[in-house]
Amino acid sequence: MTGRARSLWGWGWADRFPEADLRRALGKAAGALLGFEPGEPREPAPPRVPDPRIAPPASLAPCCLAGPEDRALRARGRSYLDQVLGFTGDFSTAPDLVARPRDEGEVAAVLDWAGASGFAVVPFGGGSSVVGGVTFAGREAWPGLVALDLGALGAVLEVDATSRVARIQAGALGPSLEAQLAPHGLTLRHFPQSFEFSTLGGWLATRAGGHFATLYTHIDDLTQAVRMVTPRGAWQTRAVPATGAGPDPKGLALGSEGILGVITEAWMRLQARPRFRARATVRFPDFAGAVGAARAVAQSGLHPANCRLLDPHEAALHRVVQDGSSVLLLAFESEDHPLEPWVLRALELCRDHGGIPPEGGPDLRPERGDATGAAAWRDAFLEMPYLQSTLISMTVLSDTFETCCTWRDFPALHAAVVESVGEALRRVCGGGRITCRFTHVYPDGPAPYYTFVGPSRPGSETSQWAEVKAAAAEALARHGGTITHHHAVGRLHRPWYDRERPEPFALALRAAKASLDPAGILNPGVLVDP
């Protein structure tokens, strides 16, 4: 698609990894905000990729790749652990073969061949998973491992402008999908942080969260129908606005993380591109007041596109404000009507909770420009994954986790998380920092998103991470939070997912797995055991 090279180990484009002098300067500038001084920059080790153990049959050879770089690119996602191990040159999880089917028939053929041969198959979209969703740790237990890359299936096949839906292939990356919809004046309006490097199929398989902070928060809300190829045949749901015909087969496909079949296309609900916007950045002297304002807006029925709350550390770290305030970023969008009454009412609700609205009132310009703090946040939001890769090279432990809980439970959950993660950082890193923001808000509760950073020790990064991650996950479990709101389960969240789901549902999911994938070849170890 492009001559620009993806990083084998870090986030995004390889040319975005800064030179050592720039990383050193960034570390010095960030030291005060991080609470400690990052280490001296290191360079990534050359990749060590195991030799392939299998070869495709002649009928599939034209759509298969076996070069070491092709396999290294599909060896891992982009979790902290994936990046740390990739930085050391460890690509031991690389598939033996990469299949890039050019049509649905070749998808089925790959599954037939792998099933008959006893090879594991990991469906692969953009490789941006941060929970180990495409990192296959059990390579040695299988005679062969195939990464099934949907990247060649990236077209918008059909647009129904009257109904505002489109049939889109699962391998479409975010930018390509939007570019194909643009001539129709339509948009999916699903913009996760990984938008540039993730695919529609990946969003569907992981129930990804997107642009909207309220109302249409997950890809589920934008999905009309799904088509999935399983080892037992095609799984096609009815393309209708709604149905009450029994348990929802679309719902089982969404979030299945590649264990039941390979999502090949979907009918997606679209929107007209917004023409009207209204934005405001509101500061709060205390975090509790900001939480109360976010709740009031979420329960008001105003349905802002953005209602993102930043605690003081998050606001300072990402250059929004530096005065110790918490910040609520509000934004409204519409294709149909001006939005001044909506944003003014939201600002009234914020004032009721001690909020300080921007001088001069809200920004009503239709373009994206914004000098009130949201622009700084937006730029930082897109840079965060690149910053994580940079910090890894400077012996900094840096990761995120997210959850969802009720408004009633949030104060106790938040206090427990801050205490548990803070204590873990002090114990295993000697110090560090944890920050919080709300990515989405619902009438019944927020989706808090936490970032933690601390000094790491070369060679001990994985054990340090494991202790801090466990402290966070256990605090969430004790206080009623879900193990994930939108990052998915993958392999990293599996222990806590097993405790969270009802056991009768686990039995049903295992039965569905056994029925649809009798050889147990699809993404083994995710969601259920074979």
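Figure 1. Of the 530 residues of the protein, 57% are buried, meaning under 20% relative accessible area with a 1.4 Å probe and protein chains only as cover. The model is predicted: local features need pLDDT of at least 70, side-chain atom pairs count only at pLDDT 80 or more, and totals for chains, interfaces and linings use all residues. Residues are numbered from 1 along each chain as its sequence is written, and side-chain values use heavy atoms, with hydrogens and water left out. The protein exposes about 20,900 Å², of which carbon and sulfur atoms supply 56%; this area comes from the Shrake-Rupley method with a 1.4 Å probe.

**Figure 2. Secondary structure and overall dimensions.** The protein has 15 helices and 17 strands, taken as DSSP runs (helices H or I, at least four residues; strands E, at least two) and numbered from the N terminus. Its radius of gyration is 23 Å, close to the 24 Å that the globule rule gives for 530 residues, so the protein is as compact as a globular protein of that length. That radius is taken over C-alpha atoms, and the rule is 2.2 Å times the number of residues to the power 0.38. The C-alpha trace spans about 70 × 55 × 50 Å along its principal axes.

**Figure 3. Helix α5 and its cover.** Gly174, Leu177, Glu178 and Leu181 are buried in helix α5 (residues 174-181). These residues cover an arc of only 95° around the axis, which puts them on the same side of α5; the arc is that of the directions from the helix axis to the C-beta atoms. Their cover includes β5 (156-160), β6 (165-169), β7 (186-187) and α6 (200-206), with contact meaning heavy atoms within 4.5 Å.

Definitions and conventions
Buried means under 20% relative accessible area, exposed over 50%, partly exposed in between (1.4 Å probe, protein chains only).
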